Amino acid sequence: DPKEGILYQPYQVKKGSTSRGHQIKPSAFVTKDCLIRRITWRYTDLLPNSSEPRVGYLRIEMLHGEVIEISRAGIKETTIAVSEIEHEIVGVFIITSFKMSSD
């Protein structure tokens, strides 16, 4: 609600080339790259009882058909495992907030 100082900015999700990687970036307008049909994710076993669990695998299916899969970088070189339990939401979504973990 802009009257209360709360603004929602859409984010675009773009499949990247092998050198640049995928991009989740702010957009001034809602475009086809903002519209998501399905999100599937799996958590890591790092801090399993945390109120902010870490995502180790993310699959985003865009409304226009493109699929973007993201696995947590460097996870194979550590003792952190990714759960086999998948979580999923299906509908039409727009990302309006995005937070990247620093660990």
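Which residue forms a salt bridge with R38?

**Before starting**

The structure is a predicted model. Colour the chain by confidence: the average pLDDT is 81, and 81% of the residues score at least 70. Confidence is lowest in β2, with a mean of 81, and highest in strand β6, residues 87–93, with 94.

**Stop 1: the sheet**

Select β3, β4, β5 and β6. These four strands form an open sheet in the order β5-β4-β3-β6, with antiparallel pairing. Each of the strands β5 and β6 has a single partner and stands at an edge, so one side of each is left without a neighbour in the sheet. On average, neighbouring strands of this sheet are turned by 15 degrees against each other, direction ignored.

**Stop 2**

Show the side chains of R38 and E61. The opening question is answered here: R38 forms a salt bridge with E61, and the closest N and O atoms are 4.0 Å apart. This pair links distant parts of the chain, since R38 belongs to strand β3 and E61 to strand β4, 23 residues apart. R38 is partly exposed, at a relative accessible area of 26%, whereas E61 is buried, at 15%.

The side chain of R59 meets that of E61 in a salt bridge, with an N to O distance of 3.2 Å. R59 counts as partly exposed, its relative accessibility being 26%. To complete the picture, select E69 and E88 as well: R38, R59, E61, E69 and E88 are linked in a network of salt bridges. A search of the whole structure finds seven salt bridges.

**Stop 3**

Go to D33, which is found in the loop between β2 (23–26) and β3 (36–43). Is D33 buried or exposed? With a relative accessible area of 12%, D33 is buried. Beyond residues up to four places away in sequence, D33 touches Y11, Q12, V13, K14, M62 and H64.

K14 forms a salt bridge with D33, the closest N and O atoms lying 3.9 Å apart. K14 lies in strand β1 and D33 in the loop between β2 and β3, so the pair ties together parts that are 19 residues apart in sequence. K14 itself counts as partly exposed, at 29% relative accessibility. The side chain of H64, in turn, makes a polar contact of 3.5 Å with the side chain of D33.

**Stop 4: V13**

Finish at V13 in strand β1, residues 11–14. V13 is buried, with a relative accessible area of 2%. Leaving aside neighbours within four places in sequence, V13 is in contact with Q23, I24, D33, I36, I60, M62, I68 and I95.

Technical notes:
Residues are numbered from 1 along each chain as its sequence is written. This is a predicted model: local features need pLDDT of at least 70, side-chain atom pairs count only at pLDDT 80 or more; totals for chains, interfaces and linings use all residues. Side-chain values use heavy atoms; hydrogens and water are left out. Helices (H or I, at least four residues) and strands (E, at least two) are DSSP runs, numbered from the N terminus. Buried means under 20% relative accessible area, exposed over 50%, partly exposed in between (1.4 Å probe, protein chains only). A polar contact is a pair of N or O atoms within 3.5 Å; within protein, one must be able to donate a hydrogen and the other to accept it, and residues adjacent in sequence count only if both atoms are side-chain atoms. Contact means heavy atoms within 4.5 Å. pLDDT is the predictor's confidence in each residue, from 0 to 100. Two strands pair if DSSP finds at least two bridges between them. Axes are lines fitted to C-alpha atoms, for helices over the stretch in contact, and angles run from 0 to 180 degrees between N-to-C directions.
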